[in-house]
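Please look through the sequence and the model before reading on.

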Amino acid sequence: MLWYLGNRKGEENSIMVLCLITASSTFNLQPGCSRYLHKCMRIQNCGRYLMKHVDITRQKIIPSARVDTVGLEVFVVSDLHTEYAENMAWLKGLPKKGKKKEVLLVAGDVAETYEKFVLTMSLLKASFEHVFFVPGNHDLWLRREKENYIDSLQKLDKMLDACQRLGVETNPSVIDGLAIIPLFSWYHESFDKEKDIPGIRIPSLELACKDFRACKWPDGLTNGDNSLATHFDAMNDKNKDAVQEMLASCNQIISFSHFIPRLELCPEKRMLFYPNLPKMIGSDFLEARIRYIHGARGNTNACHIFGHTHFCWDVLLDGIRYVQAPLAYPRERKRRMNGGEDWLPFCIYSKGELTENMSPCYWSDYYASNPRTPDVTELAPWVARFYRKL
């Protein structure tokens with residue numbers, strides 16, 4: 001089954017799900033929260049659609065309880081977007097810092113303005129002993145800033161200075177034998193190597209992506225090529241010696257970034273309302289960094305945290321566990337069957353080891369049972385209704 005989560009018109013708390021069932025598809029539904037769903041079944045042999053209402057129960061993610069656990073605990077979250085009042089209210093509701101050692105990894109897109117960014121990181125520091133941060137694209141937007149920045153890199157410098165004042169960490173560090181490595185990154189269009197969807201008119205990247213208008217770059221850097229991706233990747237070079245020492249001395253390493261390092265961490269184009277999304281989400285340079293850190297084959301202790309796409313994700317690929325735990329936009333949480341306010345931030349490390357997989361994560365759960373078939377370019381039914389064939 002292929003799932004799209006969306007609100008039914010006029011029913012804010014209900015869920016609409018479109019399901020495409022093929023002969024080769026399998027998907028295990030898990031018990032838990034019951035929702036009223038709209039189910040669309042495609043009969044592959046004759047191309048007909050049968051519509052019926054069903055009740056499906058699925059398990060909620062168990063909240064990461066912040067109790068008196070012995071030893072270090074590491075929590076992760078991305079895409080806080082605290083310019084939204086609901087997200088800021090969630091942030092202010094986090095418990096204050098206790099006696100135990102807790103770490104939070106913030107995988108970018110904290111807030112659109114510098115003022116909100118500083119407030120958000122201050123509140124997070126009041127809740128966690130250690131807070132680590134890497135920037136996302138929204139953090140570098142300039143469109144609502146009161147200050148007249150020369151460009152987005154000047155704003156980034158100011159944000160990193162604020163992190164230093166607040167005690168927020170942006171460089172690699174070892175805490176109780178656990179190495180934590182923030183990785184700066186940016187996306188590039190050539191990251192997308194899968195077949196495009198033919199025969200439909202898809203809005204250009206410049207029209208669809210606000211980064212082209214909300215960010216400003218110095219001469220020589222542009223979203224139109226690999227220059228931004230290589231520039232941000234090079235920002236990690238200053239930590240090369242520190243990372244090398246960690247590789248020699250630490251058995252457990254968690255790296256994290258905002259952007260995604262592999263196409264397999266995003267649904268296929270035919271499933272996406274904007275099929276060209278993969279062209280503005282990831283970096284090959286980032287994956288090369290991750291493989292240098294965790295090894296070409298990974299290991300049982302290898303983990304990388306990411307954000308940006310707002311899909312909950314938890315999967316093992318070539319020996320590395322990749323996890324996304326986004327707060328995302330309020331409207332997205334209302335559509336999402338696992339919500340987010342009650343279980344984020346997600347605890348990824350406790351009692352000296354990685355925790356159990358976050359579940360349910362509907363897209364990564366789907367790909368755990370179904371092969372990725374990017375050569376199939378027929379749009380999913382819930383996407384096709386928004387496009388006309390040329």
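## The enclosed cavity

A cavity, in the sense used here, is a set of grid points where a 1.4 Å probe fits but cannot get out. The model shown above is a predicted one, and it holds one cavity of 30 Å³ or more.

The largest cavity contains about 30 Å³ of space, and the residues that line it are Glu194, Lys195, Ile197, Glu268, Lys269, Arg270, Pro374 and Val376. When this lining is divided by class, five of its residues are charged and three are nonpolar, while no polar residue takes part.

## The largest pocket

By class, the lining of the largest pocket is made up of 22 nonpolar, twelve charged and six polar residues.

## The nonpolar core

The largest nonpolar core has 109 residues, and within it Leu105, Ile254 and Ile348 are the ones with the most contacts. The element that gives the most to this core is α3, which supplies six residues.

If residues up to four places away in sequence are not counted, Ile348 touches Val74, Val76, Ile254, Cys303, Ile305, Arg321, Val323, Glu353, Leu354 and Thr355. One of these contacts, Ile254, is itself among the core residues with the most contacts.

## Two buried residues in loops

His138 is found in the loop between β7 (130–133) and α3 (152–166). Is His138 buried or exposed? His138 counts as buried because its relative accessible area is 10%, and the cut-off for this class is under 20%. Once its neighbours within four places in sequence are left aside, His138 is in contact with His81, Asp109, Ala111, Glu112 and Tyr329.

Lys279 lies in another loop, the one between β10 (252–256) and α8 (284–294). Its relative accessibility is 11%, and Lys279 is therefore classed as buried as well. Apart from residues up to four places away in sequence, Lys279 touches Tyr187, His188, Glu189, Asp192, Asp196, Leu205 and Lys269. For one of these, Glu189, the separation from Lys279 is 90 residues in sequence, whereas the distance in space is 4.3 Å from C-alpha to C-alpha.

Methods: Residues are numbered from 1 along each chain as its sequence is written. This is a predicted model: local features need pLDDT of at least 70, side-chain atom pairs count only at pLDDT 80 or more; totals for chains, interfaces and linings use all residues. Side-chain values use heavy atoms; hydrogens and water are left out. On a 1 Å grid over the protein atoms alone, a cavity is a set of points where a 1.4 Å probe fits but cannot get out, and a pocket is an open set with protein on both sides within 12 Å along at least five of seven lines; lining residues have an atom within 4 Å of a point. Grid points are joined across faces, edges and corners, and a volume is the space filled by probe spheres set on the points. Ala, Val, Leu, Ile, Met, Phe, Trp, Tyr, Cys and Pro count as nonpolar, Asp, Glu, Lys and Arg as charged, and the others, Gly among them, as polar. Helices (H or I, at least four residues) and strands (E, at least two) are DSSP runs, numbered from the N terminus. Buried means under 20% relative accessible area, exposed over 50%, partly exposed in between (1.4 Å probe, protein chains only). Contact means heavy atoms within 4.5 Å. A nonpolar core is a set of buried Ala, Val, Leu, Ile, Met, Phe, Trp, Tyr and Cys residues joined through side-chain atoms within 4.5 Å.
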